[in-house]
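Visitor: I am new to this structure. Please take me through how to read it, feature by feature.

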Amino acid sequence: MSDVYSYSWLILVAPFIAFLVNSLWLGKKNWKAAAGLSTFAMAGSAVYSIKIAFDFFTQLPAQKHIIAWQYNWLEFNDTLTAKIGCLLDPISVMMLVVITVIATMVNIYSIGYMKDDPSAGRFFGTLSLFCFSMLGLVVATNLIQIYVFWELVGVSSYLLIGFWYTKPSAVAASKKAFIVTRFADAFFLLGIIITGYVLKTFDFIDINSLQAADSMNHIVSVGFLTVNVLTVSTILIFIGGWGKSAMFPLHIWLPDAMEGPTPVSSIIHSATMVVAGIFLTARLFTIFSFSFVTLDIIAAVGCFTALFAAVIACTQSDIKRILAFSTLSQLGYMMFSLGVTHDISGDEGINILGFQASMFHVFTHAFFKCMLFLMAGAVIHAVHTNDIWKMGGLRKKMPFTYWSTLAACLAIGGIPPLSGFWSKDEILLASFLSGHNIIGSIGLIVGGLTAFYMFRLFFVTFHGELKESGQHAHEDKWMTTPIVLLAIPTIGIGWIAKSYFLGSFTPLGHIAQIESPHHLTWLPIVASIMGVSGLIIAWVLYGKGNYKTATALSEKFGKSYTVIKNKFYIDEIYLHITHKIIFDKVAAPIKWFDSNIVDGFMNFVGWVLHLFGKLVRFSQNGQIQLYIGTMFLGFFLIYFIYKVAA
Amino acid sequence: MLSSITIQDLFFFVLSSVIIFGAIMVVSSKNLIHSAINLILCLFSTAGLFILLNAEFVAIAQVMVYIGGVVVFMLFTIFLTTRLGEEHLEPLFKNKFFNGTILVMAACWVASFIPSVIDPERDQTFAQNASLTEVGARFLDLRESGFIVPFEVISVLILVAMIGAIAIAKNDNDPKNKDEVSN
Amino acid sequence: MTLSNCLILACMLFFVGIYGVMTRRNLIGVLMSVELMLNAANINFIAFAYFKAADSVAGSIFVIMIISVAACEMAVGLAIIVTMYRKHKEMDISRLGGLQDE
Amino acid sequence: MMAESTLLTATWVIPFLIALFTIFIPKENDSSIKRFNLIGSGINLSLVIYLTVRFVNAMHAGLGDANGLYFAKKVPWFGKLNIEYNIGVDGISILMMLLTGIVVFCGVLASWGLKDQTKEFFIMLNILVAGVFGVFISFDLFTFFLFYEVAVLPMYLLIGLWGTGKKEYAAMKLTLMLVGGSALILAGILGLYFEANSFDIMVIAQTNLPESFQYWAFPALFLGFGILGALFPFHTWSPDGHASAPTAVSMLHAGVLMKLGGYGCLRVAIFLCPEGCNEWMSVFLILTTINICYGAFAAIKQTDLKYVTAYSSVSHCGFVLFAFAAMTQTAFQGAVLQMISHGLMTALFFCLIGMIYGRTHTRIMGDMGGLMQRIPFLGVAFIIAGLASLGLPGLSGFVAEVTIFVGAFENGNIVNRVCTVLAILSIVVTAVYVLRAANQMLMGPLNPEFEKLEDATYIEKIPVIILLFCLFAFGISPGWIIEIVNHSIEPIFKAVGR
């Protein structure tokens, strides 16, 4: 092991120290030093991880995965031990680079954003905690370690979303985020324990192997239903990812998570945390790929979420909510691209192009989505409102932000030269190649929708005439530099990284791969046409600042428009379920039951004894002759008992 | 059965009937003084019975201590505590009847044990006369069979009882219940 | 004049005494009935001493003990009655319920 | 070796001496009583830490006698009934003593604000502590039961006199139910004595007791100790008792005394009646699973802060008993870890609630809001304690719960698996009520009534920091604790597993 890897624990330790120092001491003293420390820590680990990436990819074919360091943390019994360590393989190194770079950008950005916030020091502390736990999650070597950091990521997102804890809506949003992800993590833990029990190990390298899959791949009857252990455990583990990556039914927390400060949503809800679910599926891809049922579920869930989120995004008016739903739909993309890797006809082989495409999209999406959120932050900071209808004509006021946002919208819309197009194109290619035509076509439609709502956002905020709130908008230098810096990878990395991803990215452990023809000629053309058409429709409706046609269109849709606007009332359903059903129908009766029945029984026993006491007391009424009478009675009684017993 | 009655039996029947009659009158008489007098009568006849059973010392003691001391003492207390003309406290009929029946049954039940104690042939050992000197000697006898220790204990007991009675009955001229004593 | 007659006599006397204790409403009446019961016990002792006992003197001594104890008891009893009368001004047992547990 | 066993006896003699000397300190100078007691509990804590270190060395050096006891010593007490003062310590009891030492030290610090009758309070507290230490070191059933009673009975006075709210009712109920439990235990112990004709735990463990006897002895013992460990139908004393107990007492009770129940179940019920245990365990499995889910759900709708914590400790103690019901070595190990981790957690919770109640004089979460702005130190500590209780990795809760789940899953039968799944899903409910409590109290706009609250004083910060340090230390590097627990669970499980 060359020494470059043996110090990889530094990447983890740097943000942790920043967290400790900031939250315990420096944060309160002066927030600038705290900001400096956390940015320096992140920059350091960014440089170091880029170096590791460089070394790793240059020697790649030699060693697929390296365990940099590892030590025992928790022994359950002699066979089963949980370890803490660092596993470097293509996806984890890639994620290392993405997280550290994005985190540095966000740190720089938050210096500007948090300038006048009293508790800025605490913000930087919690941000470093988040980076520490995310990095820990990415380099995990076994299921328990990934679960440990999974929970830490959950908690840090709880702390960051609820950063302005005086705002009730932020507090509720953070609680909702934590509980929903916690709900998914319970199933994840169950999946871990089942795999740990069946395979007698938690380590990824042992799990992602053929004999592990065979040993799990047997039917077991649980009470009345018979079930395949491999399918059950993989689905349970996937549910963990399902909650964290906010797939369809568990997506409700992501739009509300926008309550947190914008740098938080830029790092957590665009690039890193929500991608954890996809990373988990990618990490366990080999074992997942042995159960086609799980892959189908992944594909179905991903595809539906993509469509569902894209449709809602078109109707939202809050800038951050639009970006949140666009993240949801892009996550759907990445998820279903992992799902479509097995051929629809059901024969053995796995087409790992889907896996590579998903990772490539994770890589590209991280940059432009983070930049979009930073832009949203800058705009909100300038005009002090989230509502896009109140913004307008910021083109002249914020030129740098304007041009970099244009680049990002083009990228996400899938317009050819930029990075978004390449990764989305690979995903659609993977789905069509393995025969999933429906999913592929839905992907194309969603591509069009994405372009539409992104450019709707773009035109409404930057074009049209300057509204009164935008008069004194200005560009803070601390905030604009990261936006511009991020524009570079948004434009550039598309074709540079394509060869890397398609060439060297192979999942942990070996898979029976099927070689597929490398590309369909018609696909890129159709995809870019969908993107451009989305752009044009957006230009027609919103380009010139008069929204008459747009509002007319939305009236025409009528009721269905309002339903979509309210996110299909899913939040209300969840509230109903939790408050009405769980709290009032389950918790309240239990509370009543406890205080009345169980407690009541205890009090009843007490009351009965008290009653007997009263009866006996009744006989002490001070009549001497009664006492004498009872005395003689006792005497005769004893005699009879003696007579009977003898 | 009539022919075999001896003087002793005759005396015994007379005395026992007087005892029982006295006892019933003690219990049921309306006026306390009548019941006290009947008590004296009953005690006298038991003393007679003791003499019949060759226990002169006990008879004499009975007459002196019981009748001379205790009953007379009771008469004094009666005079002290009952204001003249006070109506007699008639016990409730239901108490009387109830107690009566129960106690009669109990008496018969206890009496039913007597045959188990009787052993006709060996019972006729007429005890030697427990005369005054013998009893007195046995009382103070230092040997093992003697009753010296109970004798001492009894004397202490009597002393204590006397002091106790006086202490209780002493009307401590505590000002608090001054008025009580005056009326 | 057999032992059984004496025992029957003592038993009748004893139960008349109990009846007296149970029904008399006047405290002194109760004490008198107690006297009767003690007397019944004495009759028993003497009867057994006379008919059965090898050492009849012990019987007599025992009865003397009883008589002296009874005397002491009466002394104390009557003293208590006097003080109770002085405090409560009446001798009816049923109304002297001081022992009642409030 | 000789020195250690006298030190073992010293652990419960010192609290008695402290109680004795506090009598002579005049009532007026309040602070000197508190300072004296603080020094006393400090000495006791350092003694226990020293013993733990010695234990670890002895364990590595393999000095333990045949059945895994260290620093053992026997002194005949009642010759004819062959009762001896038989003390010794193995992995589980040394860790329990460490937990008790820490919680007691923090308890004394937490009751620094006590105003009325401090002398009697500390005397009672020290007697209780002496009882608890006595239980953990005694390996003779008679002395075990004696110390057990000494530990349980002062609770009545402590809650009855210094409590708040309907304290008499709560004290009465708590004591009656616990004494009812100890009646069952006494029956079991006497049964064991007459069967094995000895009070020594190790001797009884060797003699294989007849099946028929074990069928009634085990439920009696397990229920007896279970009542103290908040087993389902008999848990109602815990919410009332803790709600009206003063801070130090509820810290000590929930933190240590409820672990006495779990420890008793393991040491006496399961270790001595294994066949009975195998027979009855399915019943108790159902009960403990209800215990976990029921406690968690009941905690959601509570309005009083102490009730929420009390129900959460019912649910967490349910985990301990659930692990025993799972009957696998890892589950036993998880149970001991859970006892320690939950002890620290609840102690911290009650310590904080005591301090917050001291300031806001209300425990109803509804009327407290946004306290984080006024009392950040206590607020952050409360959130960390909450996170520990819902099993966040890096804190002690996670280590214990995962070990229990892994252990419980190893037990093959279906009912066990279903119960384990229910237990795992209950951690979500735990998260719900913990966050509800934290948000209602700490977050949101500041309730104007609490404008002038001031944060924790130095005296109050020390116990919180100690407990937080223990939570983190246990959570981050549980290695050495697991090694000790593993070493001592082996002989117990061999006896039970056969």
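Guide: Start with chain C, whose elements run α-α-α from the N terminus on. Its secondary structure comes to three helices and zero strands. Helices (H or I, at least four residues) and strands (E, at least two) are DSSP runs, numbered from the N terminus. The model is predicted: local features need pLDDT of at least 70 and side-chain atom pairs count only at pLDDT 80 or more, while totals for chains, interfaces and linings use all residues. Residues are numbered from 1 along each chain as its sequence is written, and chains are lettered from A and ligands numbered from 1 in the order in which they are written.

Visitor: What radius of gyration does chain C have?

Guide: The radius of gyration is taken over C-alpha atoms, and the globule rule is 2.2 Å times the number of residues to the power 0.38. For a compact globule of 102 residues that would be near 13 Å, but chain C has 17 Å. Its C-alpha trace spans about 55 × 25 × 20 Å along the principal axes.

Visitor: How many of the residues in chain C are buried, as a percentage?

Guide: A residue is buried if 20 or more other C-beta atoms lie within 10 Å of its own, exposed if 12 or fewer, and partly exposed in between, with C-beta atoms placed from the backbone. In chain C, 59% of the 102 residues are buried. In chain A, buried residues make up 55% of 646.

Visitor: Is Gln623(A) buried, exposed or partly exposed?

Guide: Gln623(A) is partly exposed because 16 other C-beta atoms lie within 10 Å. Gln623(A) sits in the loop between α25 (570–618) and α26 (624–645) of chain A.

Visitor: Which residues does Gln623(A) contact, leaving aside its neighbours within four places in sequence?

Guide: Two residues are in contact if their C-beta atoms, placed from the backbone, lie within 7 Å. With those neighbours left aside, Gln623(A) is in contact with Ser94(C) and Gly97(C).

Visitor: How is chain A divided into domains?

Guide: Domain bounds come from an automatic or database domain assignment. For chain A, the assignment gives domain 1 (170–567) and domain 2 (570–645). The C-alpha centres of these two domains of chain A lie 62 Å apart. Chain A has 26 helices and four strands.

Visitor: How many residues of chain B are in contact with chain C?

Guide: In chain B, 71 residues are in contact with 62 residues of chain C. On the side of chain B that touches chain C, α3(B) gives the most, with 14 residues. The residues on that side divide into 50 nonpolar, 15 polar and six charged. Here Ala, Val, Leu, Ile, Met, Phe, Trp, Tyr, Cys and Pro count as nonpolar, Asp, Glu, Lys and Arg as charged, and the others, Gly among them, as polar.

Visitor: Which residues touch the most other members of the largest nonpolar core?

Guide: In soluble globular proteins, nonpolar side chains tend to be buried together. A nonpolar core is a set of buried Ala, Val, Leu, Ile, Met, Phe, Trp, Tyr and Cys residues joined through C-beta atoms within 7 Å. In the largest, of 434 residues, Leu348(D) and Leu352(D) touch the most other members. Helix α17 (residues 353–383) of chain A gives the most to this core, with 21 residues.

Visitor: How many bridges join strands β1 and β2 of chain D?

Guide: Two strands pair if DSSP finds at least two bridges between them. Six bridges join β1 (residues 70–78) to β2 (residues 83–89) of chain D, and these strands run antiparallel. One of the bridge partners in β2(D) is Glu84(D), which pairs with Pro76(D).
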